[in-house]
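Please read this briefing alongside the sequence and the 3D view. It begins with a question and then goes through the topics one by one.

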Amino acid sequence: MNWTFFHKLGSPKWFYEISGKWLPWLAILAALLMASGLIWGLMFTPPDYLQGNSYRIIFLHVPTAFLAQAIYVMMACAGVVTLVWKMKLADMALKCCAPIGASFCLLALVTGAIWGKPTWGTWWVWDARLTSMLILLFLYMGVIALRGAIRNTNTAAKACAILTLVGVINIPIIKFSVQWWNTLHQGATLKLTEKPSMAPEMLWPLLISIAAFYLFFTVVLILRLRTEILDRERRTKWVHKIVAAGAGN
Amino acid sequence: MYFESFASLIHMDGHGMYVWPTYGIGLLIIAYNIISPLRARKRIVAQIQRQVRGSQSRSKSFSQNNSLSQKKSFSHKKSHSPAADHQPGATDDLSEKKKAAGPRVKVSTKNQGVREGEVE
Amino acid sequence: MSAASLEGSKAFVELVKRDLVLAFRTPGQTLNPVAFYLMVASLFPLGIAPEKELLSQLAGGIVWIGALLAVLLSLDSLFRSDQDDGSLDQLLLSPHPLPLLVLAKISAHWLTTGVALIVMAPLLALMLHLPTQAFPALMLSLLLGTPLMSLAGGIGAALTVRVQRGGILLTLLSLPLYIPVLIFGTGAVQTAVEGMSYSGHLLWMAALLMLGLCLAPLAIAASLRIVADG
């Protein structure tokens with residue numbers, strides 16, 4: 001099998017050119033989907049018979065929670081590619097994903113906490129999902145901190161890759177232990193109404209929101225990656241040409 | 001629309017004060033994720049532009065000074081050679097290197113985990 | 001046994017002996033985590049309340065968290081003194097497999113820190129009014145948990161060994177790895193307090209310890225080589 005296409009994928013210049021063409025379309029699509037999903041969910045869905053109107057937070061909470069976890073897994077894959085194939089682009093992707101994933105993780109925590117107040121009567125509750133998400137935030141913060149602490153680009157790349165891999169092995173262990181710990185300590189009054197079988201009127205805007213956030217993540221990642229590519233390839237002629245032509249896009 | 005009036009949309013049967021601030025925070029995070037890369041791009045592009053202009057003007061002045069007798073590496077690209085750092089006329093290079101954020105060569109030899117370009 | 005593996009186990013033993021000798025030469029430094037342990041455990045009744053009933057409910061958690069923090073503090077010295085005098089580079093150049101040497105260092109670290117914490121634990125548990133039926137659970141869970149914490153913390157220690165003032169970063173990196181250990185350890189103690197069987201918790205910790213023994217030295221060795229090249 002011809003593997004050149006795979007190695008071409010790792011070329012920063014090629015990625016810069018391709019992403020420049022796709023970016024406007026992806027951005028428009030993401031904006032449309034996000035607006036429609038969120039507005040539909042906010043205004044055009046019936047209130048939940050159990051939770052009233054506060055369940056509308058789900059359209060922010062579930063996509064960001066999914067993405068926070070998916071981004072970490074993507075970082076782990078990028079870490080493997082960095083260590084095994086030593087592709088620079090993979091390391092750049094790892095570096096750029098981290099702040100996005102951390103911000104989504106934080107948003108998931110905050111939206112979950114605020115949702116908890118009318119639903120469970122308290123701002124923070126140590127249920128299994130919130131606790132696992134909090135630990136995921138610690139993992140993100142660790143990777144970002146390690147990246148900042150090591151000056152040399154190559155060393156930082158490999159060190160962050162190893163840390164992300166150790167974290168990803170740890171995630172199932174954490175999930176299991178926190179879930180088990182929580183079921184032991186869970187108060188009798190708590191009811192986890194995370195994902196009951198959803199009525200289709202509520203399911204569709206949720207799916208659209210999830211798709212919107214995935215697209216949004218892609219767009220933002222591409223934005224960051226393009227800047228990172230310019231930064232790391234600043235000695236090449238093609239970057240000088242682009243920069244000289246003005247920072248259009 | 002499941003809300004009769006704009007007021008009831010904001011109020012949401014008492015849950016409005018949870019839903020709307022949540023969406024506000026969500027909007028903030030989305031805005032951060034858009035603005036932060038755009039600002040970083042402006043900063044990096046300006047940096048690279050400065051660097052390119054700097055090395056262009058320096059290469060012009062060097063070529064004017066007839067560099068046949070001097071060793072090479074008046075451009076940043078060749079600055080791995082140890083001779084560059086020991087040249088008396090290369091002090092401009094050193095200070096320029098310290099100002100520019102080029103990651104390849106660091107002239108500091110402190111123990112900061114940096115091994116590239118150490119010229120001991 | 002082949003000659004090579006005999007060499008490897010001799011190297012292992014020699015490295016452990018060397019680290020133990022070094023540790024005993026500076027007893028003050030080696031006992032710092034133990035003193036810290038004692039003080040931290042005393043902070044909780046001072047900060048919360050000295051009532052017996054309240055403390056006996058919290059005692060398992062306090063003893064465990066104190067041990068966790070003490071191990072975290074002692075991790076910084078795992079590789080740093082070797083890094084400072086250059087013997088870490090010698091270890092990296094040695095012909096013996098690096099994971100084996102790493103395991104030797106971690107074993108020595110556990111022998112000087114973890115064992116001391118385990119020995120101190122009953123004293124602290126007494127001070128905090130832990131019900132006596134939970135003492136065996138406490139000791140066993142610490143016996144399984146402290147080597148696991150040395151192993152998991154070694155990864156962070158290796159990654160931050162060449163970072164200036166890497167101590168806090170080391171803590172940040174190691175804490176997510178410690179959380180499952182803490183959950184199972186305190187779970188065992190709490191279950192014992194309630195008078196039920198805690199073998200499940202101990203088995204889980206043993207499983208994690210096996211996983212750590214197999215994988216952590218590899219990760220630590222890889223990390224040491226990576227940050228050494230930088």
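Why does His129(C) count as partly exposed? His129(C) has 18 C-beta neighbours inside 10 Å, so it counts as partly exposed. The cut-offs are these: a residue is buried if 20 or more other C-beta atoms lie within 10 Å of its own, exposed if 12 or fewer, and partly exposed in between, with C-beta atoms placed from the backbone.

This is a predicted model, in which local features need pLDDT of at least 70, side-chain atom pairs count only at pLDDT 80 or more, and totals for chains, interfaces and linings use all residues. Residues are numbered from 1 along each chain as its sequence is written, while chains are lettered from A and ligands numbered from 1 in the order in which they are written.

**Confidence**

- The predictor gives an ipTM of 0.87 and a pTM of 0.83 for the complex.
- Chain C has a mean pLDDT of 92 (pLDDT is the predictor's confidence in each residue, from 0 to 100), and 98% of its residues reach 70 or more.
- Within chain C, confidence is lowest in helix H1 (residues 3–25), with a mean of 88, and highest in helix H7 (residues 135–159), at 96.

**Chains A and B**

- Chain A has eight helices and zero strands; helices (H or I, at least four residues) and strands (E, at least two) are DSSP runs, numbered from the N terminus.
- Chain B has four helices and zero strands.
- Of the 249 residues of chain A, 45% are buried, and in chain B the buried share is 16% of 120 residues.
- In chain A, 79% of the contacts with a separation of 6 or more join residues 24 or more positions apart; two residues are in contact if their C-beta atoms, placed from the backbone, lie within 7 Å.
- The corresponding share in chain B is 20%.
- The C-alpha atoms of chain A fill a box of roughly 65 × 40 × 35 Å along the principal axes.

**Where chain A touches chain B**

- Each chain contributes to this contact: 37 residues from chain A and 37 residues from chain B.
- On the chain A side, H4(A) gives the most, with eight residues.
- That side has 19 nonpolar, 11 polar and seven charged residues (Ala, Val, Leu, Ile, Met, Phe, Trp, Tyr, Cys and Pro count as nonpolar, Asp, Glu, Lys and Arg as charged, and the others, Gly among them, as polar).

**Helix H4 of chain A and the core**

- The largest nonpolar core has 154 residues; such a core is a set of buried Ala, Val, Leu, Ile, Met, Phe, Trp, Tyr and Cys residues joined through C-beta atoms within 7 Å.
- Its largest share, 17 residues, comes from helix H4 (residues 88–120) of chain A.
- H4(A) is mostly covered, with 25 of its 33 residues buried.
- Just after H4(A), Gly121(A) has a positive phi of about 85 degrees.
- Val63(C) is one of the residues with the most contacts inside the core.
- Beyond its neighbours within four places in sequence, Val63(C) is in contact with residues including Ala41(C), Ala121(C) and Leu138(C).

**Two loop residues in chain C**

- Most residues other than glycine have a negative phi.
- His129(C), in the loop between helix H6 (114–127) and H7 of chain C, has a positive phi near 60 degrees.
- Arg165(C), in the loop between H7 and helix H8 (167–193) of chain C, has a positive phi near 50 degrees.
- Arg165(C) counts as exposed because it has 9 C-beta neighbours inside 10 Å.
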